[in-house]
Amino acid sequence: MIDETGEGVQRSASGTDCSEALLRVYEYLDGELGPDECAKIQAHLDECGPCLKEYDLDTTLKALVKRSCECEQAPDALRTTIMSRISMTVIQVDGF
Ligand SMILES: [Zn+2]
């Protein structure tokens, strides 16, 4: 007997599948997830490029920048990524 129930579900090493990550990414952005759930989503996005593209990195960055300005909750690594991205943009604009 062949059981095909698991077909089509991708599970990453972090144990979060893509559909779950994409569903929860909005709760993640809204700050509705607890620290554990946040870490799971972040870990999945870290290792899953397709998901990162799927939910639009730019939108996410804007939301995170906004939040980190409001209440300083963005983790240091994330803030560093955002800030280097912003300064890269500024340098590019300055270059012209
Ligand atoms: Zn994924």
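Predicted model: local features only at pLDDT ≥ 70, side-chain atom pairs only at ≥ 80, totals over all residues.

Biologist: Which helix is L29 in?

Modeller: L29 belongs to helix α1.

Biologist: How much of the protein is buried?

Modeller: 10% of the 96 residues count as buried. As for contacts with a separation of 6 or more, 48% are between residues 24 or more positions apart.

Biologist: Which residues form the largest nonpolar core?

Modeller: Seven of them: A21, V25, Y28, I41, L45, C48 and C51. Both α1 and α2 supply at least two residues each. The largest share, three residues, is from α1.

Biologist: Let's stay on α1. Which of its residues are buried?

Modeller: A21, V25 and Y28. They sit on the same side of α1, because they cover an arc of only 70° around the axis.

Biologist: Why would that spacing point one way?

Modeller: An α-helix has 3.6 residues a turn, so positions three or four places apart point the same way.

Biologist: And what is exposed on the other side of α1?

Modeller: S19 and L23.

Biologist: What covers the buried residues of α1?

Modeller: The cover includes α2 and α3, the latter being residues 49-54.

Biologist: How long is α1, end to end?

Modeller: It has 12 residues and reaches 16 Å from first C-alpha to last. That is close to the 16 Å expected at 1.5 Å a residue. Just after α1, G31 has a positive phi of about 75°.

Biologist: What does E27 contact beyond its sequence neighbours?

Modeller: Leaving aside anything within four places in sequence, E27 is in contact with E32 and L33. There is also a C-alpha to C-alpha distance of 9.1 Å between E27 and C38, which are 11 residues apart in sequence.

Biologist: On to α2. Which residues are buried there?

Modeller: K40, I41, H44 and L45. They fall within an arc of 125° seen down the axis, so they line one face of α2.

Biologist: What do those buried residues pack against?

Modeller: Against α1 and α3.

Biologist: Which exposed residues are on the face turned away?

Modeller: P35, D36, D46 and E47.

Biologist: How does the reach of α2 compare with the expected value?

Modeller: Close: 19 Å from first C-alpha to last, with 18 Å expected at 1.5 Å a residue. The helix has 13 residues.

Biologist: Back to the core. What is C51 in contact with?

Modeller: C18, A21, L22, H44 and L45, leaving aside neighbours within four places in sequence. Among these, A21 and L45 are core members, as is C51. H44 is one of the buried residues of α2.

Biologist: What does UniProt list for residues 18-51?

Modeller: "Domain: Putative zinc-finger", from an unreviewed entry. That label comes from the record.

Biologist: How far apart are the ends of that span in the model?

Modeller: The end C-alpha atoms of residues 18-51 lie 7 Å apart. The span is 82% helix and 0% strand.

Conventions
Residues numbered from 1 in each chain as written. Core = buried A, V, L, I, M, F, W, Y, C linked by C-beta atoms within 7 Å. Buried ≥ 20, exposed ≤ 12 C-beta atoms within 10 Å, placed from the backbone. Helix = DSSP H or I, 4+ residues; strand = E, 2+ residues; numbered from the N terminus. Contact = placed C-beta atoms within 7 Å. UniProt positions renumbered as here; feature names shortened; annotations may be inferred. Expected span 1.5 Å × (residues − 1). Arc of directions from axis to C-beta.
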